[in-house]
Protein chains: 2
Amino acid sequence: MKKATKVMNNHKLAEDLLTSHGLRRTQIRLEILQLFMQQDHALSVNDLEKMVKSSHDRVTLYRALNSFEENGILHQTPDKSGNMRYALCAEGCSGHHHKDEHAHFICDECNQTYCLQEVKIPDVKLSDDYQLNSVSYTMNGICKDCQ
Amino acid sequence: MKKATKVMNNHKLAEDLLTSHGLRRTQIRLEILQLFMQQDHALSVNDLEKMVKSSHDRVTLYRALNSFEENGILHQTPDKSGNMRYALCAEGCSGHHHKDEHAHFICDECNQTYCLQEVKIPDVKLSDDYQLNSVSYTMNGICKDCQ
DNA sequence: AAAAGTAATGCAAAATAGTTGCTATTGCTT
DNA sequence: AAGCAATAGCAACTATTTTGCATTACTTTT
């Protein structure tokens, strides 16, 4: 019952996310967004491909993810081996300047990427040679499930 | 004159780096290491391929870089698009635990990765759910050459 | 409710990055 | 000088991501 409600809410949320960004509400995009909402960690294209039921074309996933990233719905971080992971943005992100500057944790064991929304990235002092736009902070170690 | 001295020193340094890590002093590895010593930013395999004179085999580069990484001579960071960049380690790094926890700066314009040796990565408090091994801190913006 | 416009999908193909197996070299040790 | 093992070189392969083009299907307009 609760689950049903939650899923319904997520579906509604996904629809709103799409329309509020001027994107079309197609089945697969709604499905993708709901998958992200059910997750506490970032997903790779491979993860998604396994989870998505309706379609199996990777290209569609790539294009949806890129579109979401450009519209500030998702942000991306490369994992340790350089593969991209995606996760939902906080409110107020745009494609060119993501506001959600929280830390990420990547498990050395299962290789999952967790968004630590509550861990804000501390500032460092930077020489005038560099003009700062954004920062990322990634921790590696062992996650709760792998200990 | 100064340059010649510097190059000679780098050659000597490169030889020492290899022998002190039990690696053989081959031409291309010496060349690779000297290229890194002349750089203030991290290099990708593509960068190296363009710069290296003697050989053009990517596989050799990959294997050399992996070997250097495992031996604590180089460390790697993925750039924004997930491609790997390599840069010299500080003293005392080993393959499994790199000590040089400094911040990196990636230019949005030229896409170069700079090692900010003097910028130490600040700690954050992390929930007990996670067991921390290492951290990385990457800043994005515009570098001195691109402003 | 149909038509039109355009965003999104699917398929094929290609570009790019990185890996693996195997043989030939070559640096280093004895 | 000989022999071992590390490294280089070549070929082929895997994986990831991108691109072009024709088709489908949302959304808006009429």
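Which helices each supply at least two residues of the surface near DNA strand D? In this predicted model, local features need pLDDT of at least 70 and side-chain atom pairs count only at pLDDT 80 or more, while totals for chains, interfaces and linings use all residues. Residues are numbered from 1 along each chain as its sequence is written, chains are lettered from A and ligands numbered from 1 in the order in which they are written, and side-chain values use heavy atoms, with hydrogens and water left out.

**View 1. The protein surface near DNA strand D.** Helix H4 (58–70) of chain A, helix H2 (27–37) of chain B and helix H4 (58–70) of chain B each supply at least two residues; helices are DSSP runs (H or I, at least four residues), numbered from the N terminus, and near means that a heavy atom of the residue lies within 4 Å. H4(A) gives the most, with five residues.

**View 2. Polar contacts to DNA strand D (pairs of N or O atoms within 3.5 Å).** A polar side-chain atom of B:Arg63 lies 2.3 Å from a base oxygen, whereas an N or O atom in the side chain of B:Thr26 is 2.7 Å from a phosphate oxygen.

**View 3. Helix H4(B) and its ends.** Beyond the helix follows B:Gly72, with a positive phi near 75°.

Technical notes: Polar contact = N/O pair within 3.5 Å; in protein donor to acceptor, adjacent residues only side chain to side chain.
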